[in-house]
Amino acid sequence: MTQTVADAPTSAPRPDADHRPQATPEWWRGAVIYQVFPRSFADGNGDGVGDLPGVRSRLPHLRDLGVDAVWLSPIFASPQVDAGYDVSDYRRIEPVFGDLADAEALIRDAHALDLRVIVDLVPNHSSDRHEWFQQALREGPGSPLRERYHFRPGKGEDGELPPNDWESIFGGPAWSRTTDPDGTPGDWYLHLFAPEQPDFNWEHPAVQDEFRSIIRFWFDRGIDGIRIDVAHGMVKAAGLPDIGTKEQLKLLGNDEMPFFDQDGVHEIYRDWRRVLNEYGDDRIFVAEAWTPTVTSTAKYVRPDELHQAFNFQYLGTDWDAAPLREVIDVSLDAMRSVGAPATWVLSNHDVTRHATRFGNPPGRGTQMRTPGDRELGLRRARAATLLMLALPGSAYVFQGEELGLPEVVDLPDEVRQDPSFFRHNGQDGYRDGCRVPIPWSGTEAPYGFGPEGGPSWLPQPAEWASLSVEAQTGDPTSTLELYRSALAVRRRHPALGAGDRVTWLDAPAGVLAFRRDSAEGSFVCTANITGAPVEMTAPGEVLLASTDAGPAGPVAVIEPDTTVWWAV
């Protein structure tokens, strides 16, 4: 029986510190990894913000769901300007979430449930409250600490202009001017994101040494992997050259940029891989690498670098058969060429939830502010999930997608906390809509996220009562039970999970059909990505369908926007 709020323990049984999940060679090649955004997952102390004790109390839900690992979005000490992606101390836990003892207990509890734990590391930049940066400001020009960041004199007669024309991802210039200890205007410092997130200078040996130490610190505490934020950043082109154009955000992912995807990052990861190898062969690195092509992403997962990289090209593909098939083929080919697994993902903490994206017209990207057709969006989201979980490689699930949660597109401006919402010409600034605390039980907010009648750092929609874990458990038509069934089939079917290729089958227009084979059995996936039913020869026995699979027999009717799994 799935754990619900009513009978959830305050923590799972405490195992020995040395307990680790069963050793499985290259487990990550076919793993399903669940992303927890801690402040929105479960609130253990009733302050309205999720925390590590809350996550611990809900680990049985993840075990019963059938995932292999938990990825925790940033939990390190942080002023929380950008949801923890502004780290002030990489060896301390943010007090809002708990302390180091809570983190170690969570790791032990997860391992007792055979769940692996991946933590989020932010090496491109720190918080401006980091002691290095604070000391650099206090000491003023000439401070050795300034060499660990990118401090530069400004242009213009009095240095009143930024050192170059780079723009922040969050909008505005990528430079902020300092004030010297004597109160006069000083040098500028680089921040590709918020001003409170100064970029490290990765050419400095002290920065390199510090992060080797941080990596060891966390692997010594038993974590199973590290997800690397802005893995394509860190190294900047020599001389920090001008780009020569405005609205640079529109160029990201399409053009080469002097601050992203520089060749020097790969030497950093080769160095880190040597550190990781000290811990055996069952720990991993995962890259968040936004690159122009999947082929470029593959460079990050060569055998002596990282293990996985997020497939943002797949995430950004519309619900359309031809481009989906193309991105699947390109992804598998690119990763096969370097011996790495492909990864597949539909949602995360930075994009509009796919149950809403797929209910909107295509071509609108991954961030949108309109609810779209809720029924259509959920139907397509369920079909997209079965398609994703049938593909060879590793899959990522963002918290709440197993409940079919839509994006919250109508949050009042006064409750928003996304830093880019308050800046101009940057990201849309509406990421809060996918970060609303998820519902666990009950009929009134906070729906089991915290104590009954307690607060929630973002307001939850009234209609989420019917989407809670409690409401969906045991309902065979629910999205939660679909995820549980799909992950159970994926775990036991010999042709699912790890792999590097599919065999495409003939199918009607708008239908993706492929076969996967193993020595112990074969599997076929058919995804009808059209708005009309299609007839096709049944390839075998139905294992699972995202909606009614239609009549069994030699000819099967696949309903619109439906994926069916078949045993062959």
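Predicted model: local features only at pLDDT ≥ 70, side-chain atom pairs only at ≥ 80, totals over all residues.
Visitor: Which residues of α6 are buried, and what do they pack against?

Guide: Buried means under 20% relative accessible area, exposed over 50%, and partly exposed in between (1.4 Å probe, protein chains only). In α6 the buried residues are Val 265, His 266, Ile 268, Tyr 269, Asp 271, Trp 272, Arg 273, Val 275 and Leu 276. Contact means heavy atoms within 4.5 Å. The buried residues of α6 pack against β5 (116-121), α5 (205-220), β9 (225-228) and β10 (284-287).

Visitor: Which residues have the most contacts inside the largest nonpolar core?

Guide: A nonpolar core is a set of buried Ala, Val, Leu, Ile, Met, Phe, Trp, Tyr and Cys residues joined through side-chain atoms within 4.5 Å. The largest one here has 130 residues, and Tyr 269, Trp 272, Tyr 314 and Trp 565 have the most contacts inside it. Helix α9 supplies the largest share of this core, eight residues.

Visitor: How many residues does α9 have, and how far does it reach?

Guide: Helix α9 (residues 321-338) has 18 residues and reaches 27 Å between its first and last C-alpha, close to the expected 26 Å. Its buried residues include Leu 324, Ile 328, Leu 332 and Met 335. Among the elements that the buried residues of α9 pack against are α11 (374-390) and β15 (511-518).

Visitor: Is Thr 366 buried, exposed or partly exposed?

Guide: Thr 366 counts as partly exposed because its relative accessibility is 23%. Thr 366 lies in the loop between α10 (354-357) and α11. Its C-alpha is separated by 8.0 Å from that of Leu 315, 51 residues apart along the chain. Leaving out residues up to four places away in sequence, Thr 366 touches Leu 315, Gly 316, Val 351, Thr 352 and Arg 357.

Visitor: Where is His 493, and why does it count as buried?

Guide: His 493 is in the loop between α13 (479-492) and β14. His 493 is buried because its relative accessible area is 13%. Apart from neighbours within four places in sequence, His 493 is in contact with Gly 521, Ser 522, Phe 523 and Leu 543.

Visitor: How many disulfides does a search of the whole structure find?

Guide: A disulfide is a pair of cysteine sulfur atoms within 2.5 Å. The search finds zero. Cys 434 is buried at 2% relative accessibility, and Cys 525 is buried at 0%.

Visitor: What pLDDT does the chain average?

Guide: The predictor's confidence in each residue is its pLDDT, from 0 to 100. The chain averages 93, and 94% of the residues score at least 70. Over residues 1-17 the pLDDT is below 50, and this stretch has 40 contacts in the model beyond near neighbours in sequence.

Technical notes. Residues numbered from 1 in each chain as written. Heavy atoms only, no water. Helix = DSSP H or I, 4+ residues; strand = E, 2+ residues; numbered from the N terminus. Expected span 1.5 Å × (residues − 1).
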